[in-house]
Amino acid sequence: MRTLIKDLFLDSKKFLNKEVEIKGWVKSLRKSKAFSFVVINDGSCFQDLQIIVDQDAPNYEEVSSSLTGTCMAIKGIIVESGGRQPIEMQGKVPSIIGKVSEDYPLQKKKTSLEFLREVAHVRARTNTLSAVFRVRHHLAQATHKFFSDLGYYYIHTPLITASDAEGAGELFRVSTLDIKNPPKTDKGDIDFSKDYFESETFLTCTGQLQAESLALSMGGVYTFGPTFRSENSHTSRHLSEFWMVEPEVAFADLDDVADLGAKYIQYLIQYAFEHCPDELAFFEKQYQKDLQETLKHVAETDFKKITYTEAVEILIKSDKKFDFKVEWGSDLQTEHERFLTEEHFKAPVIVTDYPKDIKAFYMKLNEDGKTVRAMDILVPGVGEIIGGSQREDDYEGLRNRIKECGLDEKDYSWYLDLRKFGGAPHAGFGLGFERAIMYITGMSNIRDVIAFPRFPGNASF
Ligand code: ATP
Ligand code: MN
């Protein structure tokens with residue numbers, strides 16, 4: 001049975017002078033006359049294991065002339081090391097599991113992140129990507145633990161839906177109609193009643209509406225799943241397929257979920273420090289100076305909270321030249337969000353109570369009749385990481401907003417029912433999981449924190 005390199009370093013004393021077998025991929029190999037240094041990584045942790053293979057070992061010729069990337073199994077004895085690491089292995093029985101051909105793309109020590117995206121099928125062999133994916137794993141575990149410890153239930157909402165919850169029209173169609181020759185109605189439109197679901201259907205862009213139904217039955221719930229948006233955003237913060245964490249809480253208002261969002265982000269940071277210290281140290285060294293100090297500070301400091309109206313005042317008062325004019329009523333652009341969080345507050349900030357006209361139909365209207373109980377959490381370097389709101393729980397109020405937004409009441413009848421059948425105040429938010437990973441690792445492109453990114457023009461791998 002193979003031993004994980006992670007376990008060797010976790011309790012190296014236990015393994016001293018014992019024989020183990022490790023299996024992994026060659027990071028580097030240096031051959032001298034009497035022996036070879038083989039550095040192996042098996043992906044279980046950040047550290048590599050250095051192995052000294054003596055020329056008397058079986059297969060020595062073949063093993064010692066192996067290329068970077070070769071998959072090997074090596075049996076040997078764990079001994080103390082005089083080098084940078086506490087232990088190394090005296091390799092006794094090396095063998096090759098999988099050879100590497102000459103066109104292996106990760107020959108060179110230094111390769112750009114852009115290049116690695118083109119070889120996404122092997123990029124998890126690099127220090128950077130494997131570190132990202134380990135952090136991603138731990139943040140997923142942290143997410144379940146955080147919400148489950150609060151008593152919220154993990155629910156699964158459908159990926160195929162007939163409604164555009166955001167009303168933004170950025171959905172991918174799901175259809176089995178013959179696109180070359182679709183059935184037509186008398187009016188000449190495509191007849192979706194002949195389609196698989198007998199209606200127009202799409203990949204979901206949020207699980208919120210269904211989560212509301214379960215929150216109004218189970219109290220606190222959360223989803224954690226893929227969402228799809230066909231927005232034509234070629235930015236470093238948008239994917240066409242991304243993972244969203246969406247808590248929905250009955251008997252909660254906007255302030256409650258704003259606090260919940262802040263606590264959740266702080267919990268993710270603490271969890272990463274506990275479970276991925278080597279990875280965070282690496283990201284700090286390689287990608288973002290002060291990463292760890294900044295994160296520690298954020299984990300310990302209450303988030304600033306301002307209203308949209310206050311944010312607009314701050315932006316207008318600043319002498320900063322923006323490409324987009326700041327005006328009460330128009331949405332905050334990325335440059336505005338960045339100014340607030342990176343220059344003005346130099347910390348995460350929660351912005352609340354946006355104008356109703358730039359937000360979705362389901363958000364609760366304030367008494368001023370102009371703003372809604374919405375909130376975004378913005379963080380330095382990434383921008384918006386959470387978007388949430390208190391939901392309109394008033395039946396007539398919600399009907400009005402559906403009409404005002406030009407939506408068809410019929411499409412939302414079950415959603416309206418939730419306000420008739422024992423409704424309650426409730427609120428929730430969506431956190432973009434990849435954006436959280438970007439923030440905590442300091443990686444600056446969202447395409448580098450998901451194994452196989454989907455974005456406009458690309459569904460390779
Ligand atoms: P943005 O203004 O950045 O496009 P949004 O206002 O469209 O975000 P919401 O609809 O509120 O975002 O979605 C909730 C969260 O999902 C966002 O705060 C963000 O973290 C994440 N998110 C939204 N769109 C994307 C995307 N295309 N790729 C990755 N994450 C996204
Ligand atoms: Mn968007």
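Which residue has a backbone N or O atom 3.4 Å from an oxygen atom of ligand 1? The residue is Gly-387. The model is predicted: local features need pLDDT of at least 70, side-chain atom pairs count only at pLDDT 80 or more, and totals for chains, interfaces and linings use all residues. Residues are numbered from 1 along each chain as its sequence is written, chains are lettered from A and ligands numbered from 1 in the order in which they are written, and side-chain values use heavy atoms, with hydrogens and water left out.

A backbone N or O atom of Gly-432 lies 3.1 Å from a ligand oxygen. For Arg-435, a polar side-chain atom lies 2.8 Å from an oxygen atom of ligand 1. The protein covers 83% of the 590 Å² of accessible area that the ligand has on its own (Shrake-Rupley method, 1.4 Å probe).

The shell around ligand 1 holds 16 residues, each with a heavy atom within 4 Å of the ligand. Among the closest are Arg-229, Glu-231 and His-238. Strand β15 gives the largest share, four residues. By class, six residues are nonpolar, four polar and six charged; Gly counts as polar, and Asp, Glu, Lys and Arg as charged.

The largest pocket has a volume of about 1400 Å³. A pocket is an open set of points on a 1 Å grid over the protein atoms alone, where a 1.4 Å probe fits, with protein on both sides within 12 Å along at least five of seven lines. The volume is the space filled by probe spheres set on the points. Lining residues have an atom within 4 Å of a point. Helix α8 gives the most, five residues (helices are DSSP runs of H or I, at least four residues; strands are runs of E, at least two). The lining divides into 13 nonpolar, 17 polar and 11 charged residues.

Side chains of opposite charge can pair when their charged atoms come close. Asp-48 forms a salt bridge with Lys-27, the closest N and O atoms being 3.2 Å apart. A salt bridge is a side-chain nitrogen of Lys or Arg within 4 Å of a carboxyl oxygen of Asp or Glu. The structure holds 29 salt bridges.

Technical notes: Polar contact = N/O pair within 3.5 Å; in protein donor to acceptor, adjacent residues only side chain to side chain.
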